[in-house]
Amino acid sequence: MTEHETGPAAERDRAQQETGADTTRLDAGQDDGAQVSAGNETAGVPEAAIPELVIISGMSGAGRSTAAKCLEDLGWFVVDNLPPALIPTMVELGARSQGNVARIAVVVDVRGRRFFDNLRESLADLDGRGVTRRTVFLESSEEALVRRFESVRRPHPLQGDGRIVDGIAAERELLRELRGDADLVIDTSSLNVHELRAKMDAQFAGDEEPELRATVMSFGFKYGLPVDADLVVDMRFLPNPHWVPELRPYTGLNEEVASYVFNQPGAKEFLDRYAELLRLIAAGYRREGKRYVTIAVGCTGGKHRSVATSEKLAARLAAEGVETVVVHRDMGRE
């Protein structure tokens with residue numbers, strides 16, 4: 001569609017002349033208006049807004065998905081199996097986000113087959129534009145890869161009508177140059193999932209301790225255990241406010257109900273000791289690369305004791321620096 005000189009195009013041209021800005025559009029391989037320039041900055045976007053880029057690649061079955069999930073947990077924007085030709089476009093979109101997408105991780109592998117040949121060209125393009133990038137290559141021995149494919153009973157993506165080892169050999173040859181250019185090569189032959197996550201954390205988490213997020217969920221045993229609970233606490237050892245007529249209509253969110261619960265013998269001591277135990281558990285979870293934990297706190301109906309305890313426990317965790325969400329699953333069901 002052609003724009004008249006009195007329309008948006010003319011106004012854009014006048015704005016360009018006034019500001020000196022280059023707003024050339026990207027069509028069929030040409031530079032976009034938000035391109036990353038050779039001067040290390042995006043047109044109209046401060047240099048600080050240009051996202052950091054990590055390319056994750058390597059052998060199928062060597063742990064690419066685990067590495068990607070690790071970066072996702074560390075706050076990276078992760079794109080799986082993106083055609084390499086679209087990586088510069090992804091970086092440009094990140095630059096336009098005004099800092100909301102500061103770090104991008106792209107998983108590139110042979111599933112893209114016909115697109116994979118464009119990877120070197122795309123990376124050279126990014127290098128020419130001054131984008132900060134690193135390439136992580138996941139390697140593993142033939143024996144380990146065969147064992148992993150056989151354990152899940154899935155074919156190698158390149159084996160075709162041949163054997164798994166044929167697919168591994170073809171993939172290794174295809175990735176040879178990329179492996180040689182990689183900034184970080186991790187051999188996962190003898191690593192488990194937690195050990196691989198620890199290596200990724202060591203490279204990308206910086207000096208910050210990995211963040212742990214907690215969901216504290218109150219529930220009623222009469223409605224069943226939460227299926228996603230990592231830890232379960234039973235508060236039925238305390239007297240039930242349900243049997244106190246003036247407290248029965250209220251929930252554990254009510255001050256009088258909470259006061260009644262925590263004035264019972266053993267209630268405050270339990271809260272103190274369990275919070276201390278959670279500190280030990282949280283430290284272990286971080287060491288093992290676990291990022292999320294669901295703590296289920298139960299009583300008979302999920303209305304009084306479990307609700308009051310969940311609120312107190314969540315406040316303790318938040319004070320310890322744990323990002324915490326409180327969910328009252330069964331409150332209001334009676």
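**Charged side chains and their partners**

The side chains of Arg 213 and Glu 323 meet in a salt bridge, with 3.7 Å from N to O, in what is a predicted model. This pair links distant parts of the chain, since Arg 213 belongs to strand β6 (residues 213-220) and Glu 323 to strand β9 (residues 323-328), 110 residues apart.

**Accessibility of the Arg 213 pair**
- Arg 213 counts as partly exposed, at 32% relative accessibility, and Glu 323 is likewise partly exposed, with a relative accessible area of 43%.

**Other salt bridges**
- Arg 197 forms a salt bridge with Asp 73, in which the closest N and O atoms are 2.6 Å apart.
- Because Arg 197 lies in helix α8 (residues 193-204) and Asp 73 in helix α2 (residues 64-73), this pair ties together parts that are 124 residues apart in sequence.
- Both Arg 197 and Asp 73 are buried.
- Arg 176 is joined to Glu 173 by a salt bridge whose closest N and O atoms are 2.9 Å apart.
- A network of salt bridges links Arg 64, Asp 109 and Glu 171.

**Arg 305, without a salt bridge**
- Arg 305, in helix α11 (residues 305-319), is buried yet has no salt bridge, the nearest side chain of opposite charge being that of Asp 234, 6.9 Å away.
- A polar atom of the Arg 305 side chain lies 2.7 Å from the backbone oxygen of Leu 238.
- Leaving aside residues up to four places away in sequence, Arg 305 touches several residues, including Met 235, Pro 239, Val 261 and Cys 299.

Notes:
Residues numbered from 1 in each chain as written. Predicted model: local features only at pLDDT ≥ 70, side-chain atom pairs only at ≥ 80, totals over all residues. Heavy atoms only, no water. Helix = DSSP H or I, 4+ residues; strand = E, 2+ residues; numbered from the N terminus. Buried < 20%, exposed > 50% of the residue type's maximum accessible area, 1.4 Å probe, protein only. Lys, Arg positive; Asp, Glu negative; His and termini not counted. Salt bridge = Lys/Arg side-chain N within 4 Å of Asp/Glu carboxyl O. Polar contact = N/O pair within 3.5 Å; in protein donor to acceptor, adjacent residues only side chain to side chain. Contact = heavy atoms within 4.5 Å.
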